[in-house]
Amino acid sequence: MHSYLNQQTQSIRQISDLRFGIPIIIGNDGLNALVFSIETLTTSNFEKMKWNFSEPGYEPYISVTKNRANLLKIRVYENDIARIKMPREISLDWIKATADPALDLDYPMKGPYESYRHSNGNIARIGIKFCKEAELLPAVLVLPITGHRAKELMNEGLLYQNMSEMLTSKASRWEATLISSGYIPISNQLSSKVSVFRHPFSLSEHYAIEIGTLNYGQPILTRIHSACFTGDVLHSLKCDCGDQLAESIAQIKQAGKGVILYLNQEGRGIGLANKMRAYKLQDSGLDTFDANHQLGFEDDERDLSVGAKILMKLGVRKINLLTNNPSKIYNMENHGIKVVRRIPLVTKITAENEEYLKAKKEKSGHILFQN
């Protein structure tokens, strides 16, 4: 492994490599594999994988999450993922269609699938985790390789991830890193301080907006808002995100002080590209959660502890939280932030967002809209 790379730099490089279609190496204790993101797998790499990297006794396989596997009627033996044997005569289109529900109608006869059950699924599990962090479809092609071949590929520049280190690392160990701050005048004769924080093990940056003069000994009026390009910028009628942000800003301005955390976790953590895929699936009648499942994601892929870590950096320990989502209260309390009071965000129910709000209430427990 490249000794000059620390864990932070290595993680960012691996995410970037997968986005650019470059495979990474995952392994330990004699078990090694070359892992490709299926979304960014190119024809060139696929042909290299077939002809140059294959070795006797080392069979490639595909792995998807349990949600995608359930849709494809694939047996799930490992709780959270399924691993699938690759037929000898197979096309790249077949592999792509296994990962991407947008291709289901183009390739309706992909199965039957045969499960792969050799060794354990930790290599595939880690590969899928990296794909999610890269905001790619959560599906990987895994090619087991010898330790000797792994060393050769590392010498050629591919990155190596020690599986044991990945499985034993604790997400709670990291801290949000403050990058820069600046002041911005806003209406109501208020000043806002905007601070940019960076997640040390990903490419994400998050923003904290401190409005007015804060008394950190008292509960701070706070909104923890996940980025929503369609709602916040385009004012889409499909969701209530933009309205919630506007209402939060209005309440904080009226109070004369407060904090808004703007977290870049678009689409409940799946990213804008996957969110647009989910929107297309919703056009066929699925709700927001079922659409995420077809893509292979969970109901909510966000790491809400990010918000708590940023509040800690700001010196905030107690908040009055503007939210309809009980999960945010639990996550704040579980990471050292006391939620003194929940303040509901009452927004309009329209013909365009009615089903979306109903799904949030019924499937993720959102409180609409009583105290």
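Helices (H or I, at least four residues) and strands (E, at least two) are DSSP runs, numbered from the N terminus.

## Model and confidence

This is a predicted model, in which local features need pLDDT of at least 70 and side-chain atom pairs count only at pLDDT 80 or more, while totals for chains, interfaces and linings use all residues. Residues are numbered from 1 along each chain as its sequence is written, and side-chain values use heavy atoms, without hydrogens or water.

The protein chain has a mean pLDDT of 89, pLDDT being the predictor's confidence in each residue, from 0 to 100. Of its residues, 93% reach 70 or more. Residues 1-5 fall below 50. Beyond near neighbours in sequence, this stretch has ten contacts in the model (heavy atoms within 4.5 Å). Where pLDDT is low, the predicted coordinates should not be read in detail.

Strand β3 covers residues 61-65, and five of its five residues are buried (under 20% relative accessible area; exposed is over 50%, partly exposed in between; 1.4 Å probe, protein chains only). Tyr 61, Ser 63 and Thr 65 point one way. Ile 62 and Val 64 point the other way. In a regular strand the side chains alternate between the two faces of the sheet.

β3 pairs with two strands (pairing takes at least two DSSP bridges). Strand β4, residues 81-85, runs antiparallel to β3 and is joined to β3 by five bridges. There, Val 64 has Ala 82 as its bridge partner. Strand β5, residues 139-145, is also antiparallel to β3, over four bridges. Ile 62 stands opposite Leu 141 in β5.

## A nonpolar surface patch

Phe 229, Val 233, Leu 234, Leu 272 and Met 276 form a nonpolar patch on the surface. Patch residues have over 30% relative accessible area and no salt bridge; like charges are joined within 9 Å, nonpolar side chains (Val, Leu, Ile, Met, Phe, Trp, Tyr) within 5 Å. A salt bridge is a side-chain nitrogen of Lys or Arg within 4 Å of a carboxyl oxygen of Asp or Glu.

Together the five expose about 430 Å² of accessible area (Shrake-Rupley, 1.4 Å probe; for residues, only the protein chains shown count as cover). Helices α8 (229-233) and α11 (272-282) each give two or more residues to the patch. Phe 229 sits in α8. Phe 229 counts as partly exposed because its relative accessibility is 38%.

## Positive phi outside glycine

Ser 119 has a positive phi, near 50°. Ser 119 lies in the loop between α4 (92-99) and α5 (122-133). Its relative accessibility is 53%, so Ser 119 counts as exposed.

Arg 268 also has a positive phi, near 55°. Arg 268 belongs to helix α10, residues 266-269. With a relative accessible area of 14%, Arg 268 is buried.
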